[in-house]
Protein chains: 2
Amino acid sequence: MYQIIDGGVTAAKGFEAAGVEAGIKYKNRKDMALVYSRKPCVCAGTFTSNLVKAAPVIWDREITEHSPYAQAVVVNSGIANACTGKQGYEYCRQTAEAVAAELLVPVDSVCVASTGVIGMQLPVDRMVEGVKLLVAAKQEGLEAGNRAAEAIMTTDTISKQAAVTVEIGGKTVTIGGMCKGSGMIHPNMCTMLGFITTDAVISKELLTKALRADVQDTFNMISVDGDTSTNDTLLILANGMAENPPIDAEGADYDAFCEALHYINETLAKKMAGDGEGATALFATRVIHAKTKEEAKILAKSVICSSLTKAAIYGHDANWGRILCAMGYSGATFDPEAIELSFESAAGRILIFKDGVAAEYSEEEATRILSEPEVTVIADMKEGTASATAWGCDLTYDYVKINADYRS
Amino acid sequence: MYQIIDGGVTAAKGFEAAGVEAGIKYKNRKDMALVYSRKPCVCAGTFTSNLVKAAPVIWDREITEHSPYAQAVVVNSGIANACTGKQGYEYCRQTAEAVAAELLVPVDSVCVASTGVIGMQLPVDRMVEGVKLLVAAKQEGLEAGNRAAEAIMTTDTISKQAAVTVEIGGKTVTIGGMCKGSGMIHPNMCTMLGFITTDAVISKELLTKALRADVQDTFNMISVDGDTSTNDTLLILANGMAENPPIDAEGADYDAFCEALHYINETLAKKMAGDGEGATALFATRVIHAKTKEEAKILAKSVICSSLTKAAIYGHDANWGRILCAMGYSGATFDPEAIELSFESAAGRILIFKDGVAAEYSEEEATRILSEPEVTVIADMKEGTASATAWGCDLTYDYVKINADYRS
C-alpha cells in the first residue's frame, strides 16, 4: 500500500526543479520549468495520437525510444511549438542544446515540452535565456516543485501535483508528478503535459509497460472539450536512487509500483478534468456491471463528453435524458429498459432512471446533489462485471469566454 | 434544373398542413403540426442511429418499412416521448389512432414525430384534443405550411422551409420540406425532424434510395453539439399528383429528382446548422482535393465539431491551429506540411496556412472575414480529387445558457 505525501516532481530522491519568468508570451508570470535528476534516468513516455504532432512531441518520442537515458525535462507555456515546420523543430533542438550545455548532460538526455498557442514560433533567444535562469534556480524540495508546477500552467486556475511513497523490497520508493490542462483536453493514448518522477529502480521495459497500461484508465479517461491536442505528452523518469531491489520482472514489487503510479495518474487526471477551462464542477461517470471493460469505458466517456449533459451539470439540472442519449449514441450496445441511473455527490445519492422510465425522485433533492463541486453519474448496466470511470467537467459561459478570445 | 420557389410541405400538389396550440408543454405557442396528403403516398424515411430510440421513431420505422402507404404525419414539440417505456409507445399509438379516426385513414398510414424533453410522458388527452384542432384547421397553401413549420420548433429561432419545382417528363414536379433543430444535433444516418413532401410519381424503392443517398451529404454533414438525438427522423411523402411519367428506374428523370431533392435537403440542413442553439454564425468547412470522399467528410466534420474551433469562430478569431488540430485527430491521414487552409465569407477570402506554417496574412483582414454570419474554412488537401462540405455553428454563451436551464 502506498502513502500519500505532499509534493510533486521533487518528492522523489535526487530530483530538482525550477520555474521562472522567461517572457515567452505571458507577462509577469512563470512560463518555463525545469525538472532535473542528479542521476541518469530510465525514461518512458506516451504522446498524442493526433496526426499533427508538435515539434517537442517528435523530439521526446525519439528520446524515450532511442536514448540510453534521460536526465532533464524543459517546459515552456504560452506557445505550443505546433504547426511550426522545420523552424519549430530547430528551435526545439536549440532549447535542448542550451539545457545540455548548462547542465553538462548529453543533448539526447533532455526532453522538451511546450504548451500554448498553436502556429506561433518560439522566441528562441528568450528560451535560451530562460534555460540559464532555470539551471541557476534549480533546487530540491517542495517549493521548487511548486514553482515548476506553476510555470507549466496556461488556462489552468490551480497547479496540479501529487506524490506517494510505497515500500518495495524494504526500501521507500517515492513517485511524484505534476501536470497541466485545461483546454484541448481529450487525451488519446496519452495526455496534455504530465511529468512524473520516481526514485525507483525499475527496468525501462516495465516502466514503459506500467505507464502505458495505466494511462488507459486514467489520463485517457478524461475530457474537457473533446479536442485531442497536438502536444499531449506524459513522461516518467526513474533515477533508481531509492535503491530498492530492481523491478525487472512482473510480481509483487511491480504490482506495488503500479498501484502507486495509478494513484498519481488518476489524481493528476482528475485534477485536470476538474480544472477544465471554465469548469465549476468535476463531472464523473462510473459505469458498473457492464459486459466488458471496453464497453464500460466507451459508455462512461460518451457521457462526460456530451455538451448537452455538461451544460445540464452546470445548471444543476437532473436532465438524465441527455445521459441516456449519450450512452445510446456511444456505439456500445445495451438494453435501455434494463439499466439504472443514479446521481451521487457529497450531498447524497439518488436513483433517477429504472425500468425504462424515470424513477420517482425529487427534483429538489437531485438539484441539491448536483450542486456539489464533484458530481458522479452511476450507470448500472445490469449485464456483467466490468466497470470503468471517466472524468470531465461542466460546460460553462467561461469555457466559451476563454476560447473565444484565447489568443488576444 | 430545378427552380427555387416559396413554401414548404404544402408546396407540392395535394398536401395540406396545420399548426396549432395544443398546450403539450409550452404555453401560448404552436406545438402540434399536421401534414396531410389528399392521396395516399409512397413514403421513405431515415431515423436516428442512437441505440436509445424514441417511441415515434420505432413507430415510423414500422410504417415506412411495412405499410402499403402513408397519408399523414402528426408532430408535437415540447416533449420528445423518448425513454418513456411501454406507456410512451402506447401514447404514440393513441395519437396515431386519433389522427386516423379524424381523417378516416388507416392507422398504419399515420406517421408520428415528437421533439423536446426526454423522459417525460406525453399528456395524451391534450394530444388527442390537439389532433382534432389540427384536422379542423388543415389547409392547402403557404400560410398553412408556415404554421406547421412554426409548430415543430423547440429552441429554434426561425422556422425552416424550402421548396423547388423540377420538370420531369413534361410535368412540373414539386418538392418541399420543413425541419427543426436546434440542439442535440449531430445526425447520424438521418436527422432531427425533417418532413419533405412531393407530388412526384416515384417508386418506393427509388424514393428510399434517393433519400438515403442524399442525407449522407446533407443532414449527416451537420452538427450543432455532437449529440446524436434519440428522435432524429426524416420522412418524405410522394403522392404522385404531378402525374409525371413514373420514376421507376434510374436515369435522367431520377437524376433530376435527386438533384432537386438534394437542394431541399442541403438547404434545410444548412438552416438547421446556422440556427444551432445560441449560434451567431453558420460555420462551414469545405475540404477539397482529398484522397477519398470518405476522408474529406471525416475531416470536414471533425473541424465543425471542434468546441475550440467553434468558440474561436464566435470570437472572430483566426485560430487556425485549432482547425489543423481537429483535422489531425479526426482519424483521416494526410500530410500537414502539404495542405493549405483559407477562410472565406461574403467579405472575402484569405490564405492562412501553407507549407506547414502560418501564411503571411493580416489578422485584421481575417477577423473582418470571420465577422460575417456565414464563414467557411477551405482545406485544400493537395492529394486527390474528392471533396466534401460540413456545416455547423459557433459555440456561444447562449448555447450554455439554453442548455443549463432547458427544462426549467
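This is a predicted model: local features need pLDDT of at least 70, side-chain atom pairs count only at pLDDT 80 or more; totals for chains, interfaces and linings use all residues.
Me: In what order do the 6 strands of the open sheet in chain B stand?
Reply: Residues are numbered from 1 along each chain as its sequence is written, with chains lettered from A and ligands numbered from 1 in the order in which they are written. Strands (E, at least two residues) and helices (H or I, at least four) are DSSP runs numbered from the N terminus, and two strands pair if DSSP finds at least two bridges between them. The pairing in this sheet is mixed, and the order reads E13-E12-E11-E14-E10-E15.

Me: Which strands of chain B stand at the edges of that sheet?
Reply: Look for strands with a single partner strand, so that one side is left without a neighbour in the sheet. In chain B those are E13 (357-358) and E15 (386-393).

Me: Which residue is the bridge partner of B:Phe283 in E14(B)?
Reply: Strand E10 (residues 282-290) of chain B runs parallel to strand E14 (residues 374-380) of chain B, with 7 bridges joining them. The partner of B:Phe283 in E14(B) is B:Val375.

Me: What angle does helix H10 of chain B make with E12(B)?
Reply: H10 (residues 363-370) packs on the sheet, touching E11 (340-345), E12 (348-354) and E14 of chain B; contact means heavy atoms within 4.5 Å. Axes are lines fitted to C-alpha atoms, for helices over the stretch in contact, and angles between N-to-C directions run from 0 to 180 degrees. Relative to E12(B), the direction of H10 comes out at about 125°.

Me: How many residues of E14(A) are buried?
Reply: Over in chain A, E14 (residues 374-380) is joined to the parallel E10 (residues 282-290) by 7 bridges, and pairs with E11 (residues 340-345) in the antiparallel sense over 6 bridges. A:Val287 stands opposite A:Ala379, and A:Glu344 has A:Thr376 as its bridge partner. Buried means under 20% relative accessible area (exposed is over 50%, partly exposed in between; 1.4 Å probe, protein chains only). E14(A) is mostly covered, its buried count being 6 of 7.

How values were computed
Side-chain values use heavy atoms; hydrogens and water are left out.
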